[in-house]
Amino acid sequence: SINDAGDMVGLYIDAGKKTHGYLLKQGKFTSIDFPGASYTYAMGINNGGDIAGFYGGADNVDHGYLYSGGQFTKIDVPGASYTAAYGLNDQGEVVGHTQFPGELMKGFLWTKGQYSTYTYPEPNKMACGFGINNSGDIAGHWQDAAGTIRGYVLRKGRFVSFEFPGATGTMINVGSI
């Protein structure tokens, strides 16, 4: 992911095969490691330099995070089996996906400590959120009952689904907005 200043985040694997997040800013690399994590992924960066991602805890579960002002904030949707953050906007709204025991994946939106989750508006459909712009539009993908993956934009509470013509699946990439 890249912001307007050209700052980029991603991940790297060290010689010991441990995965770390990184920030590349003005030609300088900085490791992004959630304290005590077995791995850390840096997935999105906004224009303020805040970073969203996820890490593996001692419980072997993915947990989301926001890294802002040199401080980590854990993002775990209450009651969920795991939470993975992928994108954020300049207002600090974070999106990703989560799963509750016995349920399909849901997209989530985290805004200043408040959580909301959503699924694609057809019965028994999963949804994954990957990006959010400064207008609050969320991009992601969902899967239908036949297993076909399609992209979506969630704008002002309304889903718009899309698929590449003739494709057997259409996915959104991280940092897609």
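This talk goes through the charged pairs, the aromatic pairs, the nonpolar core and a few backbone features of one predicted model.

Let me begin with a residue that I would ask you to find on the screen, D62, which lies in strand 6, residues 62-68. D62 is buried and yet has no salt bridge, and the nearest side chain of opposite charge, that of K74, is 12 Å away. Since a salt bridge here needs a nitrogen and a carboxyl oxygen within 4 Å, K74 at 12 Å does not come into question as a partner. What does the side chain of D62 make a polar contact with? The partner is the side chain of Y39, at 2.4 Å. If we leave aside the neighbours within four places in sequence, D62 is in contact with Y39, F54, Y55, G56, D76, Y82 and T83.

Two of those contacts, F54 and Y55, lead us to the aromatic residues. The structure holds 15 aromatic pairs, and I will take two of them in some detail. F34 and F72 form an edge-to-face pair, with 5.0 Å from centre to centre and 65° between the planes. F34 sits in the loop between strand 3 (28-32) and strand 4 (39-45), whereas F72 belongs to strand 7 (residues 71-75), so this pair ties together parts of the chain that are 38 residues apart in sequence. F34 counts as buried because its relative accessibility is 13%, which is under the 20% limit, while F72, at 24%, counts as partly exposed.

The second pair is F54 with Y86, and this one is tilted, with 5.4 Å between the centres and 50° between the planes. It too links distant parts of the chain, since F54 is in strand 5 (residues 51-56) and Y86 is in strand 8 (residues 82-88), 32 residues apart. Here F54 counts as buried at 7% relative accessibility, and Y86 counts as buried at 12%.

In soluble globular proteins, nonpolar side chains tend to be buried together. In this model the largest nonpolar core has eleven residues, namely V95, L109, Y118, Y120, A127, I132, I138, W142, Y152, L154 and F159. Which elements give two or more residues to this core? They are strand 12 (126-132), strand 13 (138-143) and strand 14 (149-155). If we look at one member, L109, and again leave aside its neighbours within four places in sequence, we find L109 in contact with E93, V94, V95, Q114, Y115, S116 and I132; V95 and I132 are themselves listed in the core.

On to the charged side chains, where the count comes to five salt bridges. One of them joins K106 and E103, with 3.1 Å from N to O; K106 counts as buried at 19% relative accessibility, and E103 is partly exposed at 35%. Another joins R155 and D137, whose closest N and O atoms are 3.2 Å apart. Because R155 lies in strand 14 and D137 in the loop between strand 12 and strand 13, this pair ties together parts that are 18 residues apart in sequence. R155 is partly exposed, with a relative accessible area of 43%, whereas D137 is buried, with 8%.

A further salt bridge is formed by E163 and R150, with the closest N and O atoms 2.8 Å apart. E163 is in the segment after strand 15 (158-162) and R150 is in strand 14, so that the pair links distant parts of the chain, 13 residues apart. E163 is partly exposed, at 38%, and R150 counts as buried, at 17%. These two residues are also linked with D144 in a network of salt bridges.

I will finish with the backbone. Most residues other than glycine have a negative phi. K17 has a positive phi, near 70°, in a residue other than glycine, and Q26, which is not a glycine either, has a positive phi of about 50°. K17 is found in the loop between strand 1 (8-13) and strand 2 (19-25), and Q26 in the loop between strand 2 and strand 3. Are these residues buried or exposed? K17 is exposed, with a relative accessible area of 70%, and Q26 is exposed as well, with 77%.

Conventions: Residues numbered from 1 in each chain as written. Predicted model: local features only at pLDDT ≥ 70, side-chain atom pairs only at ≥ 80, totals over all residues. Heavy atoms only, no water. Helix = DSSP H or I, 4+ residues; strand = E, 2+ residues; numbered from the N terminus. Buried < 20%, exposed > 50% of the residue type's maximum accessible area, 1.4 Å probe, protein only. Lys, Arg positive; Asp, Glu negative; His and termini not counted. Polar contact = N/O pair within 3.5 Å; in protein donor to acceptor, adjacent residues only side chain to side chain. Contact = heavy atoms within 4.5 Å. Core = buried A, V, L, I, M, F, W, Y, C linked by side-chain atoms within 4.5 Å. Phe/Tyr/Trp six-rings, centres within 6.5 Å; stacked < 30°, edge-to-face > 60°.
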